[in-house]
Amino acid sequence: MRAWSLAASVLALALFAGAGCLVAQTCPKSEFEAVVDEAGAALRDLNQQNTPAFQAKLRQLRDKRGWTHDQFLTQAAPFVRDERIAGFDRKSEELLARITSESQPPPPGKTADCALLAELRASMHNLIETQKAKWAYMFDKIDKELAR
């Protein structure tokens, strides 16, 4: 009987100790804000780096083809709008909706679950990678056209 009692006590202690692992860790609002700020800065940098270079390539293509302003507006459209680019944009919109949801501050006096912070980081990373892939696709598409 004593061995049974000891085993039960050890099991109860193990379950009690393990219960602490099941309780979600909490993270302050400032950590969520930092993730959003960091990703926002990365997206701004990505756009500031790529937009001028892409626009220069569009102008280069316009000059190479001798397009008028009106022709340019029509002929350049497929380099900034096609089904694949629309797919990148849809994915980005979905990620932004998820990020908006994940980055909502907890009610006053409460802290947020750190697992949610990890999900927010993953969503932000996916958004940045989606935008990088979109830029890579657009540059590849225009580079191929310039090479023709």
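A disulfide is taken here as a pair of cysteine sulfur atoms within 2.5 Å. The structure is a predicted model, in which local features need pLDDT of at least 70, side-chain atom pairs count only at pLDDT 80 or more, and totals for chains, interfaces and linings use all residues. Residues are numbered from 1 along each chain as its sequence is written, and side-chain values use heavy atoms, with hydrogens and water left out.

A search of the whole structure finds 1 disulfide. It links C27 and C114, with an S to S distance of 1.7 Å. The link of C27 and C114 is right-handed, with 115° about the S-S bond. C27 lies in strand β1 (residues 26-27) and C114 in helix α5, so the pair ties together parts 87 residues apart in sequence. Helices (H or I, at least four residues) and strands (E, at least two) are DSSP runs, numbered from the N terminus. Both C27 and C114 are buried, that is, under 20% relative accessible area (1.4 Å probe, protein chains only).

Helix α5 (residues 114-147) also holds Q131. Q131 has 13% relative accessibility and therefore counts as buried. Leaving out residues up to four places away in sequence, Q131 touches L43, L46 and S92, where contact means heavy atoms within 4.5 Å. The side chains of Q131 and S92 are joined by a polar contact of 2.6 Å. Such a contact is a pair of N or O atoms within 3.5 Å; within protein, one must be able to donate a hydrogen and the other to accept it, and residues adjacent in sequence count only if both atoms are side-chain atoms.

Conventions
Buried < 20%, exposed > 50% of the residue type's maximum accessible area, 1.4 Å probe, protein only.
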